[in-house]
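Open the model in your viewer and keep the selection tool ready.

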Amino acid sequence: MKCSMCNRPAITFIRRVKKYFCEEHFLQFVLKQVRRYLEKHGIRRKKILIAVSGGKDSMVMLHTLKMLSEDFKLDITPFYINLGITGYSDPCESVVREVSEELELTPIIISLREYAGYTIDDAARIERKKPCSTCGTVKRYITNRIAYEGGYDYVATGHTMIDEFAFALHNLYSGSIDTFLRSYEITDTRKDLKLVGRIKPLYYLLESETLTYAIVNKIKYCNLECPYAQGHPTQVHKEIGLMGEYRLQGYVQRILSSLNKLKKMIPERPDNNIRFCKICGYPTVTDICKYCRLKAKFSRE
Ligand code: Q46
Ligand code: ZN
Ligand code: ZN
C-alpha cells in the first residue's frame, strides 16, 4: 500500500481518518494531534512538569513535547516518582533517566520511601489489599506539590483518548458521577488553592498510534506492567473501546465528544468545602488531608 499523502510505501493505516501513512507522514500526523491540543488550549510559553511512569505513552509524550518545545516555547522537566514497587519501579526509573538524557532534559526524581517514609509495597503489605487507591493519592499529591513549589504552570500526563474513554466508562459503571463530571481535557491552575492545572497532550491519540510512534522513533520505554494492575476493571473498559474502534470508525472519539457535550450541559457545582490541611497546608475537604493521614498510617509501622 502507498501513503495517502505521497507515493512512498505505507507503514500503517489509521482507520479513524481512513488514511495510509508512510513513516514521515505518520510522524507528522502524531505531532499534528499534539499540536492541535496545545493550540486549542493556548499552551505557549509555559513551564511544564511532565509526569512520567517510564511506560510507552509517557515516553512518547515526553518525546513529542520535546519536539514541539521550541515552537511553543515550552520549558519542560520530566518528573518521576519511584513508588518502591519491587521489580517495577527501579527499571522504570532507569528508562526515565536514560530517555531524559537522550533528549537533553534533566529529570526530577523523587523516591516515595525518602519523601513519605514508606513504599507502595509497604502499603500493600500492611493493608493486605491492592494499593492503587493509596498510590493514586500519593502520586496526585506529590506531583501537585512539586509543581506548585517549583512554580510550574501545568503538570502534563500521558493519558490517551482510550484512557479517557476507559476512565469515563469506569466512573459511570461504578456510579462515581462526581469524578466523571470533574474529568476534563485540561484543568486550570488555581494558585489561591495551591493547585497546579493538568494537561493531557496525547488526548487526541490512540494507544496503537503512540505504540507505532515509539517504534518508528526507537523510543525506549519500560515494557513492564505494575504487578498491582492486573484485574483492574478499567482494563475491561479499554477493551470495549478497542473493540468499538475496530468495528466502528472513530468510535472512541465520538463517544468521548458526546460525553464531553453532556458534561457541559450540567452546571458546575463549586466545591465550597475546600480548606487547607492542618499538617501540610495543601487543599483538602477534611481537616487533615488524605496524604497526611496515609503518611501517619504507613510510615510509623
Ligand atoms: S495505581 Fe495501582 Fe497503577 Fe499504582 S499500584 Fe500500580 S497499578 S502504579 S497506574
Ligand atoms: Zn507519505
Ligand atoms: Zn496534608
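What share of the contacts in the chain with a separation of 6 or more is between residues 24 or more positions apart? The share is 71%. Contact here means that the C-beta atoms of two residues, placed from the backbone, lie within 7 Å.

This is a predicted model: local features need pLDDT of at least 70, side-chain atom pairs count only at pLDDT 80 or more, and totals for chains, interfaces and linings use all residues. Residues are numbered from 1 along each chain as its sequence is written, while chains are lettered from A and ligands numbered from 1 in the order in which they are written.

**Whole chain.** Show the cartoon. The chain has 12 helices and 10 strands. These are DSSP runs, numbered from the N terminus: helices are H or I with at least four residues, strands E with at least two. The C-alpha trace spans about 65 × 45 × 40 Å along its principal axes.

**The sheet.** Select E5, E4, E3, E6, E8 and E7. These six strands form an open, mixed sheet in that order. Two strands pair if DSSP finds at least two bridges between them. E5 (108–111) and E7 (186–187) are at the edges with a single partner strand each, so one side of each has no neighbour in the sheet.

Zoom in on E6 (154–156) and E8 (197–199). They pair in the parallel sense over three bridges. Tyr154 has Gly197 in E8 as its bridge partner.

**The ligand.** Select ligand 1. Around it are Ile120, Pro131, Cys132, Cys135, Gly136, Cys226, Tyr228 and Ala229. Each has its C-beta atom, placed from the backbone, within 6 Å of the ligand. Now select helix H6 (132–149). H6 gives the most to this shell, with three residues.
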